[in-house]
Amino acid sequence: MKKAIAVCLMLLIVATVLFVQRTEDVKRYQTGFFDLFDTYTELTFYAEDADMAAAVAAAVKEELTVCHQLYDIYHEYEGMNNLKTINDNAGIAPVEVDRRIIELLLFSKEMYQKTGGQVNIAMGSVLALWHDKRTEGIEDPDNASLPDMDALLAAAQHMDIENLMIDEQAMTVYLADPEMRLDVGAVAKGFATERTAALIAALGVESALLSVGGNVRAIGLRGDGTPWQVGVQNPDLDAQESNVATVALENCSMVTSGSYQRYYVVDGIVYHHIIDPVTLMPAGYSQSVTILTEDSGIADALSTALFTVHIEQGKEILKGFDDVQALWITQDGEMVRTDGFVVE
């Protein structure tokens, strides 16, 4: 914990500074910031000059800030209808929203269908019970407890995604079930990362690496023409090696879901934040799942979906997607990879 705090403090010091390093005809810039999607964002990219670099950094922060606010289910923002607004109006009235919400929700419905329901943004009522207990358990570990199963089962009666009504022409969203709540934690960060990567490319950047709390998106190659090198986190945080593998990325995303990321402890047992929509309990098949594919939104959704099922079932889900590779780290620490998942 002390080590983690020290790292966070170090990052906080540099979070608003734009670093520069010359590489041949372009310069390498690096910037980062906190407080968006409850994580740290870092962008490394190559640009012709400082003016271009400053414009790119500002545009990235603006895009991620707006997406963070739009996809927030806990806070209101002046002059904005966001997901909290939609949840607050469940069973009451449709809510007119920004196109970025419509696009995220349509994408989420598609991922629900393609993963056989393993990614379900309509299970917010269930996830809220876990969120509250996890928050209480972290703040008061001695009195940590689990959500009541009867309450979970009752909440699970209100996670039918067909009650999510999207009117693209009117730009409105309506939850037909008054007790249903949206939670886009399984898809929002990756979806926003992919939107931001498209923005970076549109601004003329041909070489960049964007990491939004570990949702990594590579644009092109590094300035020296070699692939970006990204480590796969070791889920055993006490291990000597922090990474279990290194992956070379070019125009590709890498996203990992793991039991070590957000959790609390009840009676000596660790309960993480990735909830199986079938059992309504934290999934226990793997320690982590890492996905490689171009689109960061798809990678984010699939890392969650495959984490909540057996490996063989996960491989079946992958058959519905093109150019997607996966790496599982089992509960025993074994690495299982699809054939195209290449590590260095």
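Let's start at strand β12 (residues 263-266), which has a covered face, Tyr264 and Val266, and an uncovered one, Tyr263 and Val265. In a regular strand, side chains alternate between the two faces of the sheet. Strands here are DSSP runs of E with at least two residues, helices are runs of H or I with at least four, and both are numbered from the N terminus.

A word on the model: it is predicted, so local features need pLDDT of at least 70 and side-chain atom pairs count only at pLDDT 80 or more, while totals for chains, interfaces and linings use all residues. Residues are numbered from 1 along each chain as its sequence is written, and side-chain values use heavy atoms, with hydrogens and water left out.

Back to β12. Its antiparallel partner is strand β13 (residues 269-272), with 4 bridges between them; two strands count as paired if DSSP finds at least two bridges. Val265 has Val270 as its bridge partner in β13. The two strands make a hairpin with 2 residues between them, and Asp267 in the turn has a positive phi of about 50 degrees.

Leu237 comes from elsewhere, the loop between β9 (228-233) and β10 (243-249).

Now for the rings. Phe, Tyr and Trp rings (the six-membered one for Trp) pair if their centres lie within 6.5 Å; planes under 30 degrees apart are stacked, over 60 edge-to-face, and the rest tilted. That rule gives 6 aromatic pairs. One of them is Phe34 with Tyr40, tilted, at 4.8 Å centre to centre and 45 degrees between the planes. Tyr264 and Tyr271 are tilted too, because their planes sit at 45 degrees, with the centres 6.3 Å apart. Both Tyr264 and Tyr271 are buried, where buried means under 20% relative accessible area, exposed over 50%, and partly exposed in between (1.4 Å probe, protein chains only).

On to charges. A salt bridge is a side-chain nitrogen of Lys or Arg within 4 Å of a carboxyl oxygen of Asp or Glu, and the count is 13. Glu63 and Arg100 meet in one of these, at 3.3 Å, N to O. Glu63 lies in helix α2 (residues 50-70) and Arg100 in helix α4 (residues 99-114), so the pair ties together parts 37 residues apart in sequence. Both Glu63 and Arg100 are buried.

What does Glu103 form a salt bridge with? The partner is Arg195, with the closest N and O atoms 2.9 Å apart. Since Glu103 sits in α4 and Arg195 in helix α7 (residues 188-202), this bridge ties together parts 92 residues apart in sequence. Glu103 is partly exposed at 28% relative accessibility, and Arg195 is partly exposed at 27%. Through shared partners, Glu63, Asp98, Arg100, Glu103 and Arg195 end up in one salt-bridge network.
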